[in-house]
Amino acid sequence: MTYKTELIKSMNYLSKKKNTLFIGQSVLFSGNAIFNTLEQVPKNKKIEMPVFEDVQAGFCTGVALQGFVPICIYPRFDFLILAMNQIVNHLDKIRLMSSKDFKPKVIIRTSIGSKNPLNGGVQHTQDYTKIFKSILTEIELVRLINTKQIFNAYKKAYLRKDSKSTLIIENGDSYNKK
């Protein structure tokens, strides 16, 4: 059981659910380590997005309002900060603003960029966990530190009965560990 195999297992579990979609950059086309964890997810479950992170988050919120559970994928945590408007001001607050009439459940998946074997530099390897933890009120934040957490974290994010969204932060340096 490796970090990567547990991610693959988790994505396969989610892909078998009728109401899930995988939305983001490099979900259909190779370009990052997260792509390799989606290879067994059926293509008809994937929506490739261009590089417009804020729109992606808003799109996922809209899809969730229609009854889907989107897995909104940002290959690096550094890219996710470009979607803060939609995540912090809309997805995180929509339940409160609508007196809980609107209950979009989005699973946001991101990774702290790997520094080994190649360091992607300061624009691709930052950890914003503390910042997001301090500003999110309704979205649960989960940091995947060890392999044993992975499947249960994604399963809980999908099955949660409170319809809250979950931000799951992976460790890019763990993808290639044995």
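How many positive and how many negative side chains does the chain have, and how far apart do the centres of the two sets lie? The chain has 27 positive and 14 negative side chains, and 8 Å separates the centres of these two sets. The structure is a predicted model, and every value below is computed from that model. Seven helices and six strands make up the secondary structure of the chain, and read from the N terminus the elements follow the order α-β-β-α-β-α-α-α-β-α-β-α-β. The radius of gyration is 15 Å, close to the 16 Å that the globule rule gives for 178 residues, so the chain is as compact as a globular protein of that length.

**Overall dimensions, burial and surface**

- The C-alpha trace of the chain spans about 45 × 35 × 30 Å when it is laid out along its principal axes.
- Buried residues account for 52% of the 178 residues of the chain, while the accessible surface comes to about 8800 Å², with 56% of that area belonging to carbon and sulfur atoms.

**Helix α4 and its surroundings**

- Helix α4 covers residues 84-91, and within this helix Gln86, Ile87, Val88 and Leu91 are buried.
- The buried residues of α4 pack against several helices, namely α2 (53-65), α3 (77-80), α5 (94-97) and α6 (129-135), and also against the strand β4 (107-112).

- When neighbours within four places in sequence are set aside, the residues in contact with Glu138 are Asp92, Arg95, Leu96, Lys164 and Ser165.

**Two serines with positive phi**

- Ser26, although it is not a glycine, has a positive phi of about 60°, and its place is in the loop between β1 (20-24) and β2 (46-48).
- Ser99 is another residue other than glycine with a positive phi, here near 55°, and Ser99 sits in the loop between α5 and β4.
- Are these two serines buried or exposed? Ser26 is buried, with a relative accessible area of 13%, whereas Ser99 is exposed, with a relative accessible area of 61%.

- Asn12 is part of helix α1, which covers residues 3-15, and Asn12 counts as buried at 12% relative accessibility.
- Beyond the residues up to four places away in sequence, Asn12 touches Gln40 and Val41.
- Gly31 is located in the loop between β1 and β2, and with a relative accessible area of 60% this glycine is exposed.
- Although Gly31 and Pro75 are 44 residues apart along the chain, their C-alpha atoms are separated by 9.0 Å.

**Cys60 in helix α2**

- Cys60 lies in helix α2 and, at 1% relative accessibility, counts as buried.
- Not counting residues up to four places away in sequence, Cys60 touches Ile23, Pro70, Cys72 and Val106.
- The C-alpha atom of Cys60 is separated by 9.2 Å from that of Ile108, a residue 48 positions away along the chain.

**Thr110 in strand β4**

- Thr110 is found in strand β4, one of the elements against which the buried residues of α4 pack.
- Is Thr110 buried or exposed? Thr110 counts as buried, because its relative accessibility is 0%.
- With residues up to four places away in sequence left out, Thr110 touches Tyr74, Arg76, Phe77, Leu80, Leu167, Ile168, Ile169 and Glu170.
- From Thr110 to Gln86 the C-alpha distance is 16 Å, for a pair that is 24 residues apart in sequence; Gln86 is one of the buried residues of α4.

Technical notes
Residues numbered from 1 in each chain as written. Predicted model: local features only at pLDDT ≥ 70, side-chain atom pairs only at ≥ 80, totals over all residues. Heavy atoms only, no water. Buried < 20%, exposed > 50% of the residue type's maximum accessible area, 1.4 Å probe, protein only. Helix = DSSP H or I, 4+ residues; strand = E, 2+ residues; numbered from the N terminus. Contact = heavy atoms within 4.5 Å. Rg over C-alpha atoms; globule rule 2.2 N^0.38 Å. Areas by Shrake-Rupley, 256 points an atom, 1.4 Å probe, with all protein chains shown as cover. Lys, Arg positive; Asp, Glu negative; His and termini not counted. Charge placed at Lys NZ, Arg CZ, Asp CG, Glu CD.
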